Amino acid sequence: MDWGALHTILGGVNKHSTSIGKIWLTVLFIFRIMILVVAAERVWGDEQDDFVCNTLQPGCRNVCYDHFFPISHIRLWALQMIFVSTPALLVAMHVAYRRHEKKRQFRKGDQKCEFKDIEEIRKQRFRIEGSLWWTYTSSIFFRLIFEAVFMYAFYFMYDGFRMPRLMKCNAWPCPNTVDCFVSRPTEKTVFTIFMIAVSSICILLNVAELCYLLTKFFLRRSKKAGNSKQQPNHEDKEETKQNEMNELISDSCQNTVIGFSS
Amino acid sequence: MSWAFLRDLLSGVNKYSTGIGRIWVAVVFMFRLLVYVAAAENIWKQEHDEFECNINQPGCENVCFDHFFPVSHIRLWALQLIMVSTPSLLVVFHVAYRENREKHHKQKLYKNPGKIDGGLLCTYLISLILKTGLEIVFLVLFYKLYNGFKIPRLVKCDIKPCPSTVDCYISKPTEKMIFLYFLVATSCLCIVLNLSELSYLIFKYSIKCYLKRHVKKRQ
């Protein structure tokens, strides 16, 4: 169980995302999770061992380390990525629920059901509209909130994004104000700034996706309002055209979304 | 043999779960298993090396560490994850038993072997009760073993061979406390999910039973 499992789960959701959503997912996996696992974890690996205080007093180092690093950068980033990936599961669950309903309709022998067999239901592509639109939009909204909260928590906890070389500590049992030295401060600052920059890019992508979805929603609404004034024949023709076009937008979920395909 | 095994096991269980059951599986994967493997494990990695006592007496540190941490938090956490996921296997075994029976008799005995009704419903309810019970047991164990969910920076130890009361310092107490609270929060969430699934199933099937009887009476 590791980040690879998360990749498999989110890969399934990817099929139902917009193009911006797919770019967001790529940025998340390549520039954040991969960098975290391959590089950042090594940089922070020896953080407490190499945190050195200018005193022989036992316990002073432990206490000062705990005072300056209530929660390590690495753990905060891991939590951030888990929280930011979770809203995508809402979309996966909604899609699975819709599929389940269609299968139930099909099994009951409902005449309204337009599918010939269960395989077709499994391969069906869902348009991002109706209740799925609301689920998708709320998932992006939650993503934005989590990103912003974590960035603020970072800034608040570490007084900015710079890692200082030297910290002055006078927590008990340190005998007086003691100099403590952080290991690899420059490298840590570089990685911190990199991760913050990529978080900001992800926030921008989410905002862009949100605007795109809202624009699409209002355009569709105004088209419908315009169409309802015309004859019903035109509405049918336009809807079938839109059906064909939008079938190309979302892909089927044949990839194993672990646990979310019934 | 690793956490991937548990993950695959739970994915199998997911097929026969209700909607709330699937949310429970998602919470266990994302907020418990993944957080454990990706973040929490590393915090407790060197807890013994970094446990420091204000004394040079050999053996004093070892004895004090053993006194204050009979079982490490992280091991208890791992045990909890394993124990809490295992009752779901009862459901998988029951479905496999049903399918075997159908094969043995070479006829369709059940409309759908995976549907939660009859005996499978009882098994499912038992697995929910066991899951909830185990969660509560582990939370109580955590609370009793460590006197609450707080991790102090300093503990005072006076066990032999420590010559007198000695100050011992725990490493990363704040970070450990944050993750401990996270563990408690996700456990409580899972308990709530299990209880709501239990009530939902009991409610659904009692309504079904009642309606059946009502229809029979009318006939």
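Which residues of chain B does UniProt list for "domain: Connexin cysteine-rich"? The entry, which is unreviewed, gives residues 134-201 of chain B, and since what we have on the screen is a predicted model, I would like to set such record entries beside what the coordinates themselves show. Over residues 134-201 of chain B, the span is 60% helix and 12% strand, with its end C-alpha atoms 20 Å apart.

The unreviewed entry also lists "domain: Connexin N-terminal" at residues 42-75 of chain B, where the chain is 41% helix and 6% strand and the end C-alpha atoms lie 12 Å apart. For "transmembrane region", UniProt lists four stretches of chain B, among them residues 21-39 and 118-143. In the model, residues 21-39 of chain B are 100% helix, with end C-alpha atoms 25 Å apart, while residues 118-143 of chain B are 96% helix, with end C-alpha atoms 38 Å apart.

Is Thr18(A) buried or exposed? Its relative accessible area is 7%, under the 20% limit, and therefore Thr18(A) counts as buried. Its side chain makes a polar contact of 2.7 Å with the side chain of Glu209(A), and, leaving aside residues up to four places away in sequence, Thr18(A) also touches Ile128(A), Tyr136(A), Tyr212(A) and Leu213(A).

Now to the aromatic rings, of which a search of the whole structure finds 26 pairs over all chains. In one of them, the rings of Tyr152(A) and Phe156(A) have centres 6.0 Å apart and planes at 25 degrees, so this pair is stacked. Both residues sit in helix α7 (residues 131-158) of chain A, four residues apart, which is about one turn of the helix. Tyr152(A) is exposed at 56% relative accessible area, and Phe156(A) is likewise exposed at 59%.

A second pair, Phe51(B) and Phe65(B), has ring centres 5.3 Å apart and planes at 70 degrees, so it is edge-to-face. This pair links distant parts of the chain, with Phe51(B) in the loop between α2 (19-43) and β1 (52-53) of chain B and Phe65(B) in helix α3 (residues 60-68) of chain B. Both Phe51(B) and Phe65(B) are buried.

Finally, there are charges over rings: the charged end of Arg143(A) sits over the ring of Trp24(A), 3.8 Å from its centre, and Lys131(B) lies over the face of Trp24(B), at 3.7 Å from the ring centre.

Conventions
Residues are numbered from 1 along each chain as its sequence is written. Chains are lettered from A and ligands numbered from 1 in the order in which they are written. This is a predicted model: local features need pLDDT of at least 70, side-chain atom pairs count only at pLDDT 80 or more; totals for chains, interfaces and linings use all residues. Side-chain values use heavy atoms; hydrogens and water are left out. UniProt positions are given in the numbering used here, feature names are shortened, and annotations may be inferred rather than shown by experiment. Helices (H or I, at least four residues) and strands (E, at least two) are DSSP runs, numbered from the N terminus. Buried means under 20% relative accessible area, exposed over 50%, partly exposed in between (1.4 Å probe, protein chains only). A polar contact is a pair of N or O atoms within 3.5 Å; within protein, one must be able to donate a hydrogen and the other to accept it, and residues adjacent in sequence count only if both atoms are side-chain atoms. Contact means heavy atoms within 4.5 Å. Rings of Phe, Tyr and Trp (its six-membered ring) pair if their centres lie within 6.5 Å; planes under 30 degrees apart count as stacked, over 60 as edge-to-face and the rest as tilted. A charge sits over a ring if NZ of Lys or CZ of Arg is within 6 Å of the ring centre and within 35 degrees of the ring normal.
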